[in-house]
Amino acid sequence: MKMVWFLLLMVFLNGIISNGVGTNVSSRPSVVNIGAIFSFNSTIGKVAKFALEAAVQDVNSDPTVLGGTKLKLRTQDTNFSGFGAIMEALQFMEGDTVAIIGPQSSVMAHVVSHIANELQVPLISYAATDPTLFSLQYPFFLMTTHSDLYQMAAIADLVDYYGWREVIAIYVDDDYGRNGIAALGDELTKKRCKISYKAPMYPESSRDDITDVLVKVALTESRILVVHTYTEWGLEVLDVAQYLGMTGSGYVWIATNWLSTVVDTDAPLPSNAMNNIQGVLTLRMYTPASELKSNFVSRWSNLTSAGTMNRHVGLSAYGLYAYDTVWVLAHAINAFFNQGGSISFSNDSRLTKLRGGSLHLDAMSIFDGGNLLLQSILQVNMTGVTGPIKFNSDHSLIRPAYEVINVIGTGVRRIGYWSNYSGLSVVPPATLYTKPPNRTSTNQRLYDAIWPGQAAQTPRGWVFPNNGRQLIIGVPDRVSYREFISRVKGTDMFKGYCIDVFTAALSLLPYAVPYKLVPFGDGINNPSCTDLVRLITTGVYDAAIGDIAIVTNRTRMVDFTQPYIESGLVVVAPIKTSNSNAWAFLKPFSKNMWIVTGTFFLLVGAVVWILEHRINDEFRGPPRRQFVTILWFSFSTLFFAHRENTVSTLGRVVLIIWLFVVLIINSSYTASLTSILTVQQLSSPVKGIESLQTSNDPIGYQQGSFAVNYLSEELNIHKSRLVPLNSAEDYAKALRDGPKKGGVAAVVDERAYIELFLSTRCEFTIVGQEFTKSGWGFAFPRDSPLAVDMSTAILKLSETGDLQRIHDKWLKGSACRSQDAKLAVDRLQLRSFWGLYAICGLACLVALFIYAILMVRQFSKHYIEESDSSVQNSRSGRLQTFLSFVDEKEEDVKSRSKRRQMEMASTRSTYEDESMSSSKRRHIELSSNKSTITSDQV
């Protein structure tokens, strides 16, 4: 009976399946169908075919993986056809396929992903690497290899590591190529690099098409070529490049991992193919060494020997990822069943409406467990032949890394690694993962590479383009200071200091630079160099030369060369000659300096008098004499002519320090007075930019100069005070007129102009210090390699002395600049000597303090000796006694104290004699009385 019911159930289920209504099987079926779409005869496909079959065989041979369930792999050959891939995918969707491995092409993946989304069948590709496939638009697409986003990041790091700034992208013009190069552009931008030229090619380009593209590439200036194509015709690109002479010295070819795939799969390559790729850099997906990988590699020759008809098929990284893809899917299916998932399909209501059509789209059904299986795949955490396998939150694999490969001789050489963890390194990423990440520039390292043409030195990466186009160089059409730059009347030629420096530097370049100088400005007013520089950013000019100051806002727009002349902002003002007069001897010191110096003379004299008064007769006498002594002693020290000797130690210390101060002051005064009386002095009411800031006088500046912005924005000087001047004659007139006659108090301009202005106008001079530091340079577009080469040439001109000779030719000074005249310097101020005065004052205070302590101790001793124990003196009386004690000569005090001690000793001796005599008399009287009493008794 049971057998009957079982047969009836099987008939019923078969009827449902045949009618296309739905399919339901047990939660643990004996077989699970998976599909694979790829091109069997492609470089990647012929490796993947063996890897997929080997993986399915290994999974099925291990019953612990799927609990007894077997995988059944159905493969479909797309034969390099995108339409074929779509058809094959639709055929899979008609059956009970739970997942599809593939497609191999990124273009196909974009289309097939829409079908996978509709029918909720996970699509897992080991070879489609387009970064945009990670989009939320394709939730059922998963990539079991590394996205080209990381490959392009590695190339950007390579470009930055070698110091290049521009690359040319040669790529196939489809989703795979365009999106990969777009990612490269984004990564280069992060490194302040860029793609200077894009060279797209048809997906099915002929040799003539490739030749046309590479001819255009050869006319550009960059020599860093990034090739992002398919494995099938990438070698054809390099073969054409060899034919055009583009694989020689000076070129750099960087191929994405298509080249390493070709080398690994088809090695050994024909000799002509190897010659074409000598010196090329390429990337290979990094897979760490492990026992699993070693075992699989050792099996590879056996796996491929039966089906290749004696043709060698090497194992590429894509083969390893294809093998792991099957294992990822097997672990996910096992987890799917463990979570209660079952394989069932239901009709798609939207496709049911198409029933009866010749395409039979209604035969396709939705996989009910698709979402659960997708989540099971994303949660896989295993170790395969490619290393640890785990998905990030954005559905990408963890730890993307590449090997950097250099093609040399008959093979390749690994010169380093790249990982998004630590960047470029010669240490395998598997080792770096155990250490903290370090992407500093000093930690980035690769072994030396051999470049095309067998060059060992890193190529410069660019040449001047040989396309017949001239550089359009903007030149300011100046109307003043024409020694720097001026236009030859009636021609388009220029001459001057800046032009000579430019042509001399250009002659030192190792290549020819065709150029055309184009005037900028109306020829009536000096043009704004900032506006000229801004036109470089808009593409109007390719460069700008002339008297262009290197300032902050301009460096944000362009790159400048090394400065060829220093020129900061200075203040020029009118001056007048200061003649000597009867009071010239007072000029060396300021008023405060004279007051403090005189005060210290008196102070030191008083201190020395106090310290010497009690012990030195030369500092004693009537009050008038003592006052005169103080004055004489004080001021005679100025000439070291004091006659009085100092006796006390404290007085000598104070005097030595004071004489040192006097020596310094005397020397400074003498030097300053000598300068005043022997050198012509020039004076100006303007002392520098500080005095201009605090005044309200008008200030002149050169029209078109950056000085107006600096004065108004940085120094907060109101623009109403700033007067534009157009020529040197305008400068002179405005300065002579002054503020009262409609002129200016001073002119602010760059030193280079002012030195030329002053060479013939001696009534003006530079006042104060140069308050900005800048220089002039030639302007080029951002990251222009020509700016670097021109900077090197300018440095060579400086080292050889040619730059100075050009300067002397155009800007040689006149006699006016070398005359023995100078601007009157400020008087000697107190702030220059306050340290000396502080030391001297401190010495005086310390000496007085010590002297006071000694006086108090001596007075206390003296007061105790003289005071009567029965009498208490008043406070005023005691103070008066102290002052008298201080004024009294020390010898007298000591003499009186000694007499008093002697008197006291004499008095004490007399008292003792009288006491002994009295005692003796009492003793005699007592003895006499005793004798009398005895006689009476007898």
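The following chat goes through some local features and packing in a predicted model.

Trainee: What should I know before looking at residues?
Mentor: This is a predicted model, where local features need pLDDT of at least 70 and side-chain atom pairs count only at pLDDT 80 or more, while totals for chains, interfaces and linings use all residues. Residues are numbered from 1 along each chain as its sequence is written, and side-chain values use heavy atoms, with hydrogens and water left out.

Trainee: Which strands make up the open sheet, and in what order?
Mentor: The open sheet has five strands in the order 3-2-4-5-6, with parallel pairing. Its edge strands are strand 3 (70-77) and strand 6 (141-143), each pairing on one side only. On average, neighbouring strands of this sheet are turned by 25° against each other, direction ignored. Strands here are DSSP E runs of at least two residues, helices are H or I runs of at least four, and both are numbered from the N terminus. Two strands pair if DSSP finds at least two bridges between them.

Trainee: How many bridges join strand 5 and strand 6?
Mentor: Strand 5 (residues 123-125) pairs with strand 6 over three bridges, in the parallel sense. Isoleucine 124 has leucine 142 in strand 6 as its bridge partner.

Trainee: Which helix lies across those two?
Mentor: Helix 5 lies across strand 5 and strand 6, at about 155° to strand 5. Angles run from 0 to 180 degrees between N-to-C directions, and axes are lines fitted to C-alpha atoms, for helices over the stretch in contact. Helix 2 (residues 43-60) lies across strand 2 (31-38), strand 3 and strand 4, at about 165° to strand 3.

Trainee: Serine 113 is in helix 5. Is serine 113 buried or exposed?
Mentor: Serine 113 counts as buried because its relative accessibility is 1%. Buried means under 20% relative accessible area, exposed over 50% and partly exposed in between, with a 1.4 Å probe and protein chains only.

Trainee: What is serine 113 in contact with?
Mentor: Leaving aside neighbours within four places in sequence, serine 113 is in contact with Leu123, Tyr138 and Phe141. Contact means heavy atoms within 4.5 Å.

Trainee: Switching topic. How do helix 8 and helix 9 cross?
Mentor: The axes of helix 8 (residues 207-218) and helix 9 (residues 234-243) come within 10 Å and cross at roughly 60°. That makes helix 8 oblique to helix 9. Angles under 35 degrees count as roughly parallel, over 145 as roughly antiparallel, 65 to 115 as roughly perpendicular, and the rest as oblique.

Trainee: Which residues meet there?
Mentor: Arg207, Ile210, Thr211 and Leu214 in helix 8 meet Glu236, Val237, Asp239, Val240, Ala241 and Tyr243 in helix 9.

Trainee: Where are the cis peptide bonds you flagged?
Mentor: One is from glycine 102 to proline 103, with omega near -5°, and proline 103 is in the loop between strand 4 (97-101) and helix 5 (106-119). Another is from alanine 267 to proline 268, with omega near 0°. Proline 268 lies in the loop between helix 10 (258-266) and helix 11 (271-276).

Trainee: Why flag those?
Mentor: Most peptide bonds are trans, and most residues other than glycine have a negative phi.

Trainee: Which residues have a positive phi, then?
Mentor: Among them are arginine 399, with phi near 55°, and tyrosine 481, at about 50°. Arginine 399 counts as partly exposed because its relative accessibility is 44%, whereas tyrosine 481, at 6%, counts as buried.
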